[in-house]
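I am opening a notebook on a structure that is new to me. I will look things up one at a time and write down what I find.

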Amino acid sequence: YDTTFSIRLWFKSKHQAKVNPNSNQRKMKGVLSSGLDCPSVSDDMRFLPDGSLSGLPDLYDGDFYEMNESGSIINFGMSFEDGTHPLASLYVHRRPDWGWELRSNLYAIRSVEHGDI
């Protein structure tokens, strides 16, 4: 639970303006070649042991998350009893540098080392 994450939106997301207060949909200049919107929603996001999220904008800070039994999917704000959702379910991947990446149709969340942002 000591890992810090940077959370970014895919730049074509219709939900972008609501979720990322730092985003400007009219400017494509800040879009990274990876297709991620820049700047990030947060560079200090954490998954807390009590099942809540921290380090997010006020509207989302403290929201709950749930991980499936195998650790391959994390749901934001919804239980696995309700299934998965293209925007709220993030698929967990190990990066080549042994960091973590979580992806949905809305977000790309990557583990970051303190000071590497």
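Before the first entry I need a cut-off: a residue is buried under 20% relative accessible area, exposed over 50%, and partly exposed in between. I also note that this is a predicted model.

**Entry 1, a glycine in a loop.** I looked up Gly-71, which is found in the loop between β4 and β5. Is Gly-71 buried or partly exposed? Its relative accessible area is 22%, so Gly-71 is partly exposed. I then took the C-alpha to C-alpha distance from Gly-71 to His-93 and got 10.0 Å, for two residues that are 22 apart in sequence.

I counted 1 helix and 8 strands. Along the sequence the pattern reads β-α-β-β-β-β-β-β-β. The chain has 117 residues, and 39% of them count as buried. I put the accessible surface at about 7200 Å², with 51% of this belonging to carbon and sulfur atoms. Of the contacts between residues at least 6 apart in sequence, 41% join residues at least 24 apart.

I went through some of the pairings one by one.

- β1 and β2 are antiparallel and share 2 bridges; Ile-7 stands opposite Ser-42 in β2.
- β2 and β3 are also joined by 2 bridges in the antiparallel sense, and Arg-46 has Ser-54 in β3 as its bridge partner.
- β4 and β5 run antiparallel with 3 bridges between them; Met-67 stands opposite Ile-74 in β5.

The hairpin of β2 and β3 has 5 residues between the strands, and there I noted Gly-51 with a positive phi near 90°.

The largest nonpolar core has 16 residues. Which of them touch the most other members? I find Met-45, Phe-47, Phe-76, Tyr-107 and Ile-109. The elements that give two or more residues to this core are β1 (4–9), β2 (42–47), β5 (73–76) and β8 (107–112). β1 gives the largest share, 3 residues. As background, nonpolar side chains tend to be buried together in soluble globular proteins.

I found 4 aromatic pairs. For Phe-47 and Tyr-65 the ring centres are 5.0 Å apart and the planes are at 80°, so this pair is edge-to-face. Phe-47 lies in β2 and Tyr-65 in β4, so the pair ties together parts 18 residues apart in sequence.

Phe-76 lies in β5, so here the parts tied together are 29 residues apart in sequence. Phe-76 is buried as well, at 13% relative accessible area.

How do the ring pairs link up? They join Phe-5, Phe-47, Tyr-65, Phe-76 and Tyr-107 into a cluster.

Technical notes:
Residues are numbered from 1 along each chain as its sequence is written. This is a predicted model: local features need pLDDT of at least 70, side-chain atom pairs count only at pLDDT 80 or more; totals for chains, interfaces and linings use all residues. Side-chain values use heavy atoms; hydrogens and water are left out. A nonpolar core is a set of buried Ala, Val, Leu, Ile, Met, Phe, Trp, Tyr and Cys residues joined through side-chain atoms within 4.5 Å. Buried means under 20% relative accessible area, exposed over 50%, partly exposed in between (1.4 Å probe, protein chains only). Helices (H or I, at least four residues) and strands (E, at least two) are DSSP runs, numbered from the N terminus. Two strands pair if DSSP finds at least two bridges between them. Contact means heavy atoms within 4.5 Å. Accessible areas come from the Shrake-Rupley method with a 1.4 Å probe; for residues, only the protein chains shown count as cover. Rings of Phe, Tyr and Trp (its six-membered ring) pair if their centres lie within 6.5 Å; planes under 30 degrees apart count as stacked, over 60 as edge-to-face and the rest as tilted.
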